[in-house]
Amino acid sequence: MTFIDYYKILGISKNATKDEIKKAYRKLARKFHPDVNPGDKEVEKKFKEINEANEVLSNPENRAKYDEFGKDWKHAEAYEKAKQQQRYDPRQRTHYESSSDEDFSDFFSSMFGGGQGRRGRSMQFRGQDFNAELELSLEDVYQTHKRTLTVNGKNIRLTIPAGVKNGQVIKIKKHGAEGINGGPRGDLNIKFSIVSTTKFRRDENNLYTSVDLDLYTALLGGEITVDTFDGKAKLKVKPETPNGTQVKLKGKGFPIYKKEGHYGDLYITYNLKIPSRLSAKEKQLFEELAKLRSL
Amino acid sequence: MKEQDLIPIGTLCEQYRLKLSFFEEMGEIGLIELTVYKGGKHLHQDSLHQVEKILRIHRELRVNLEGVDVVMNILQRQEQLRQELLRVQNRLRRYEDDEKLGLS
């Protein structure tokens, strides 16, 4: 326990007037109030110090006691004990217990006993919610994985379930700002921003992509190999498949959020590729085909 | 909007020992949004946290409501910047993690 110089905290001289104390306190309170410095622990600590200094110096009785014992303040503890033994008031005790002593230093408690002298700040407030945005790629959210986030200087290890959606918000309870006057902590809301750098487009749990289909396979049918999100799949193409045909690969889409082993579908659109730089022979054969068509 | 989510202003005046005009002034300045329901003014319960913050700044720092509005706007801007910074930090971390794993 160390001696705290309340005059120094408020930046005033030992013979400051009541008005000077009030003015100094208000100026510092405006600067260090937790509501105007959300989530800043250092500022919160400073604000508590300022409050404590004001509690002592703005009260003439407390100030006189502080001034008297300030230099040799350890004597104040014994003095206070003796005084309390003489005048024990159970109602007052209940009052002390109902409020948090965390707001005051050991030095203050030793000199003034518990929460004595403090103003009635009984209203508790829930801490502010923190909002963070986390950008992930489509590949990242294809599988459940862990990630470390830094929020307000704290590292938070998160398990991100596969299939989390773009814009989805996950609430992590009690990871927001601390409550005021012992109120509960706020929550941390993490909004996911999912970006796709692959050829797949995601809509809910389904994936969409397109593949090139050569003219001959489109006309005559056949088998092609296509890329799925996590591998390859063989596809049978029906003869005379028109351009823009969409086929569905069941269960080859995106994982369904919090439904392990369940997937959406993959939709593939065929883009017909017309052969170019035809040889003379090819040209001749196509002309023959054209004639057959016009008959 | 559900009825049970709305708190009559009268109840809040009693709770916070404030005059009705104080809530109306907060509404006029745009610090809070009041909803008229069954002829009476109400506050949505989600705004309660905001009201408490306004009251603390007003009472403990002796800032008038116009000043509170300025403070709230600056805090909102600060929060936006904080979120942007977080987003960039987390994005950077992603690249750093990839680099550590030799993915880039």
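How many residues of chain A are in contact with residues of chain B? I looked this up in a predicted model. I found 16 residues of chain A in contact with 16 residues of chain B.

**Entry: the side of chain A that touches chain B.** I asked which elements supply it. Those giving two or more residues are α2, β1 (130–137) and β2 (145–151) of chain A. β1(A) has the largest share, with 5 residues. I then sorted this side of chain A by residue type: 7 are nonpolar, 3 polar and 6 charged.

**Entry: two helices of chain A.** I turned to α2(A) and α3(A). They pack at an angle of about 165°, and their axes are 10 Å apart. The cut-off for roughly antiparallel is over 145 degrees, so α2(A) counts as roughly antiparallel to α3(A). Their crossing is left-handed.

Next I listed who meets whom. From α2(A) come I21(A), Y25(A), L28(A), A29(A) and F32(A). From α3(A) come V43(A), K46(A), F47(A), I50(A), N54(A) and L57(A). I noted 9 nonpolar residues in this contact, with 1 polar and 1 charged.

**Entry: the cores.** The largest nonpolar core holds 16 residues. Y6(A), L10(A), Y25(A), L28(A), I50(A), A53(A) and L57(A) touch the most other members. I traced the elements giving two or more residues to this core: α1 (6–10), α2 (18–32) and α3 (41–57) of chain A. Another core, of 10 residues, lies apart from it; among its members are M26(B), L43(B), I57(B) and V68(B).

**Entry: one residue.** What does Y25(A) contact, leaving aside its neighbours within four places in sequence? I found L10(A), I50(A), N54(A) and S58(A).

Terms used. Residues are numbered from 1 along each chain as its sequence is written. Chains are lettered from A and ligands numbered from 1 in the order in which they are written. This is a predicted model: local features need pLDDT of at least 70, side-chain atom pairs count only at pLDDT 80 or more; totals for chains, interfaces and linings use all residues. A nonpolar core is a set of buried Ala, Val, Leu, Ile, Met, Phe, Trp, Tyr and Cys residues joined through C-beta atoms within 7 Å. A residue is buried if 20 or more other C-beta atoms lie within 10 Å of its own, exposed if 12 or fewer, and partly exposed in between; C-beta atoms are placed from the backbone. Helices (H or I, at least four residues) and strands (E, at least two) are DSSP runs, numbered from the N terminus. Two residues are in contact if their C-beta atoms, placed from the backbone, lie within 7 Å. Ala, Val, Leu, Ile, Met, Phe, Trp, Tyr, Cys and Pro count as nonpolar, Asp, Glu, Lys and Arg as charged, and the others, Gly among them, as polar. Axes are lines fitted to C-alpha atoms, for helices over the stretch in contact, and angles run from 0 to 180 degrees between N-to-C directions. Angles under 35 degrees count as roughly parallel, over 145 as roughly antiparallel, 65 to 115 as roughly perpendicular and the rest as oblique. A crossing is left-handed if the near helix is turned anticlockwise from the far one by less than a right angle, and right-handed if clockwise.
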